[in-house]
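Please read them alongside the coordinates.

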Amino acid sequence: MRAGRSSRGVTGVALALASAGCALQRPPDAADLQRDALQNVALPAAWQSQGGTPQLVVDGWLASFDDPQLSELVAEALVYNADLRAAAAVVEQANGYLKVASAPLLPSVGVRGLWSGASSSDASGINGIFLHASLELDIWGRVRYGAAAAREQTAAAEADFAYARQSLAATVAKAWFLAIETGLQRGIANDLLRSAEELHRISSDRLRV
């Protein structure tokens, strides 16, 4: 009876320790990192800025310009830009790392056959089939911390890809509007040239008269 109580007590202590180690610690934020790395550094007030108001960028903002040629140019740039394709590959790679890091948290089941080369009654050559299942007890959170880090890296890669898409679209739109502005300025310059030539003709006629 005492042995049974002792074993139950040891099991209870083990479960308590396991439950205490299950909770993941919150990662430090920017303020905590600044206190640890720059304990004796006081930033001047002139170097600090409140920043702008964060706003979500609407993915279809090009439609507000109602310019089919601009939309076609941006779509072509998004498809054929090498840097953007590289960013998409980084996102795919980060998703793969996330799956690999999260895999140990799931139970694994496998089937294995033993073949000795000797013929059996059914002529299959298989002498035995083994089914094995395993589950890693992540008591101290090693696997979960790795999965959380991979999840944050995936989110960062997706944010970089979204920024690259919006930045590329904005660059193409800026170049397009600059080309339109340059064409308009060229037209104005031609009008000024024609006006100057007309004034020169009038002045020549006045001098002749």
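1. Leu73 sits in helix H3, which covers residues 68-80. Keep in mind that this is a predicted model. The relative accessible area of Leu73 is 33%, so this residue is partly exposed.

2. What does Leu73 touch beyond its neighbours within four places in sequence? Its contacts there are Val172 and Trp176. Val172 is 99 residues away from Leu73 in sequence, yet their C-alpha atoms are 7.3 Å apart.

3. Now the charged pairs. The structure has four salt bridges. Side chains of opposite charge can pair when their charged atoms come close.

4. One of the salt bridges links Asp191 and Arg194, at 2.1 Å from N to O. Both residues belong to helix H5 (residues 142-208). They are three residues apart, about one turn of the helix. Asp191 is partly exposed, at 38% relative accessibility.

5. Arg201 pairs with Glu198 in a salt bridge of 2.4 Å, N to O. The two are about one helical turn apart because three residues separate their positions in helix H5. Arg201 is partly exposed at 42% relative accessibility. Glu198 is also partly exposed, at 38%.

6. Which residue forms a salt bridge with Arg201 at 3.1 Å between the closest N and O atoms? That partner is Asp205. Arg201 and Asp205 lie four residues apart in helix H5, about one turn of the helix. Asp205 has 29% relative accessibility and counts as partly exposed. Through shared partners, salt bridges connect Glu198, Arg201, Asp205 and Arg208 in one network.

Notes: Residues are numbered from 1 along each chain as its sequence is written. This is a predicted model: local features need pLDDT of at least 70, side-chain atom pairs count only at pLDDT 80 or more; totals for chains, interfaces and linings use all residues. Side-chain values use heavy atoms; hydrogens and water are left out. Buried means under 20% relative accessible area, exposed over 50%, partly exposed in between (1.4 Å probe, protein chains only). Contact means heavy atoms within 4.5 Å. A salt bridge is a side-chain nitrogen of Lys or Arg within 4 Å of a carboxyl oxygen of Asp or Glu.
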